[in-house]
Amino acid sequence: MRYAYAITSALLLGGATATLALQPGTAQVAQNEPGAIQAVAPRAGAPMSFADMVAKLQPAVVNISTKQSITTKQQANPFAGTPFEGFFGQFGGQAGPQPQKREGMSLGSGFLISPDGYIVTNNHVIAPGAAGASVDSITVTLNDRKEYTAKVVGRDETSDLAVLKIDGKNLPFVRFGDSSRARPGDWVLAIGQPFGLSSTVTAGIVSAVHRVTGQGGANDRFIQTDAAINQGNSGGPMFDMNGNVIGINSQIYSQSGGNIGIGFAIPAEDAKPIIDRLMKGQKIERGYLGVQIGGPVTDDVAASLGVPKGQGEIIAKVEPAGPAAKAGLKAFDVVTKVNGQLVTPEQTLSYLIANVPPGGRVNLEVLRNGKPVSLTATAATRPSNEELRSTLGDGSDAFPDEDDDAQTTPTPGGGLGLAVQVLTPAIARAINVDPSTQGVVVAAVDPSSDAASKLKRGDVITAVNGTPVRSAADLQQVVAAAKAAGRPQVLAQITRGKIAGALIPLRIK
């Protein structure tokens with residue numbers, strides 16, 4: 001998945017642009033004011049021309065560019081401490097690496113939503129484009145080539161939305177429409193600045209609504225389109241055939257970085273409430289349960305736990321002392337409803353919880369060991385993305401030499417193709433897992449087993465099918481129970497380094 005924006009060292013030449021003629025003494029109205037755009041019936045078998053619509057809408061779409069300073073570490077002087085030190089200017093005569101600064105630039109799109117200069121775009125368009133970068137200035141260029149310096153009114157990394165402000169009057173602008181009425185097959189227009197080219201228009205259809213891309217998180221729900229969206233289109237509007245903004249072009253799916261007919265826009269129904277709050281200077285808060293979600297109930301999960309396929313999402317890990325833990329939610333529970341709303345692939349658990357205000361009541365319907373359970377939680381405030389990322393880290397395959405300790409001798413893992421041993425404090429330190437973690441650590445994997453493509457030496461198994469595992473005997477017992485129940489596989493809870501709670505289905509040999 002790629003963000004549809006560009007970072008480049010030079011602007012490309014823009015093509016011809018349309019301008020907006022303002023009548024002296026008249027109040028500025030929205031470019032897509034009802035009645036302003038006259039729809040023309042298409043010829044049989046062919047779409048209508050978009051020319052009149054584009055002429056009206058194009059002036060409200062803007063180019064957004066940033067100037068950035070990027071600080072990088074200079075290569076250390078390989079001649080430090082030798083007679084050649086200082087002979088080579090690239091090292092500045094310094095023995096140690098010296099930080100260097102260089103300029104960067106990002107390019108994207110946006111659109112005016114008011115005549116006094118409020119602009120909507122993606123957060124990643126105006127965010128630093130690399131580690132060590134800072135944004136020095138933001139320039140907005142209108143379709144008539146007028147340039148303005150913009151200031152940031154508000155931004156929200158989670159939804160990837162930002163609001164800018166330029167000083168102006170009677171500026172061309174557009175209004176939001178109702179994205180909930182969009183249907184696959186509807187015509188849409190995308191207007192933006194791909195690759196820095198001035199005001200480019202593409203047309204296509206809605207390929208899907210409420211598309212979940214698998215990135216996870218509270219805002220993984222998009223309108224998918226085959227209208228060409230490329231780098232530089234980020235932040236630009238997606239219009240319906242009435243000229244209303246029903247989406248904000250945000251990402252593309254591509255191996256090359258160019259359009260292959262799979263683009264994604266943030267739906268207006270999700271974006272507008274956030275934009276309204278950002279314009280008022282209000283903080284964006286979302287509901288939070290304190291769980292790690294293992295994903296939907298796939299064939300593998302259903303076969304492992306003996307629950308119906310396609311109902312809800314499984315909980316991989318519950319944060320101690322969090323709202324979910326206080327409510328009694330447990331790992332391996334399957335949440336099927338939130339406040340009466342079904343958890344589906346198009347309406348995920350993350351999405352439903354995020355839209356509960358902090359402090360709000362969360363009624364959960366759960367399957368536990370195949371039986372229905374009702375729980376009630378109180379939503380907390382979701383931590384920032386930075387805070388959530390700080391809890392993750394990588395593991396290590398290193399083990400200490402503890403062969404003389406009988407409790408660490410690898411033991412077969414009960415038909416899964418694994419050799420496991422008790423997780424000791426010394427091993428926990430070596431593989432960089434939390435010292436409070438309990439379980440068995442994978443010492444070896446049979447290359448012919450299903451586990452070979454999923455687990456590696458140093459992974460920690462903490463539970464299987466909801467049963468805690470503290471020894472090889474525990475693992476053998478739970479696998480034997482699954483065999484006796486006629487299940488072809490089990491669902492193992494795995495910790496790898498600082499990443500804890502992943503649920504991995506493993507076939508029994």
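P184 touches V206, S207, A208 and V209, not counting residues up to four places away in sequence; contact here means heavy atoms within 4.5 Å. The model is predicted, so local features need pLDDT of at least 70 and side-chain atom pairs count only at pLDDT 80 or more, whereas totals for chains, interfaces and linings use all residues. Residues are numbered from 1 along each chain as its sequence is written, and side-chain values use heavy atoms, with hydrogens and water left out.

P184 is placed in the loop between β9 and β10. Helices (H or I, at least four residues) and strands (E, at least two) are DSSP runs, numbered from the N terminus. The relative accessibility of P184 is 54%, and the residue therefore counts as exposed; the classes are buried (under 20% relative accessible area), exposed (over 50%) and partly exposed (in between), computed with a 1.4 Å probe on protein chains only. A separation of 8.8 Å is found between the C-alpha atoms of P184 and Q224, which are 40 residues apart along the chain.

An unreviewed UniProt entry lists H124, D160, G232, N233 and S234 under "binding site". UniProt positions are given in the numbering used here, feature names are shortened, and annotations may be inferred rather than shown by experiment. D160 lies in the loop joining β8 (151-156) to β9 (161-165), and its relative accessibility of 6% makes it buried. A polar atom of the D160 side chain lies 3.1 Å from the backbone nitrogen of N123. A polar contact is a pair of N or O atoms within 3.5 Å; within protein, one must be able to donate a hydrogen and the other to accept it, and residues adjacent in sequence count only if both atoms are side-chain atoms. S234 occupies the loop between β12 (222-225) and β13 (237-239) and is buried, with a relative accessible area of 0%.

T121, in strand β5, is in contact with both D160 and S234. The relative accessible area of T121 is 0%, so this residue is buried. A polar atom of its side chain lies 2.7 Å from the backbone oxygen of S109.

A nonpolar core is a set of buried Ala, Val, Leu, Ile, Met, Phe, Trp, Tyr and Cys residues joined through side-chain atoms within 4.5 Å. The largest such core has 30 residues, of which F111, F176, F239, I248 and I275 touch the most other members. Elements giving two or more residues to this core include α1 (51-57), β5 (118-121), β14 (245-252) and α3 (268-279). The greatest contribution, five residues, comes from α3. Leaving aside neighbours within four places in sequence, the contacts of F239 include L57, V174, W187 and I246. A second, separate core of 21 residues includes A451, V490, I494 and L506.

Helix α9 (residues 472-484) has 13 residues, which at 1.5 Å a residue should span 18 Å; the end C-alpha atoms are 18 Å apart, in agreement. The expected span is 1.5 Å times one less than the number of residues. Buried residues in α9 are A472, L475, V478, V479 and A482. Seen down the axis of α9, the buried residues fall within an arc of 135°, so they line one face of the helix; the arc is that of the directions from the helix axis to the C-beta atoms. An α-helix has 3.6 residues a turn, so residues three or four places apart point the same way. The exposed residues Q477 and A484 are on the face of α9 turned away from its buried side. After α9 comes G486, with a positive phi near 80°.
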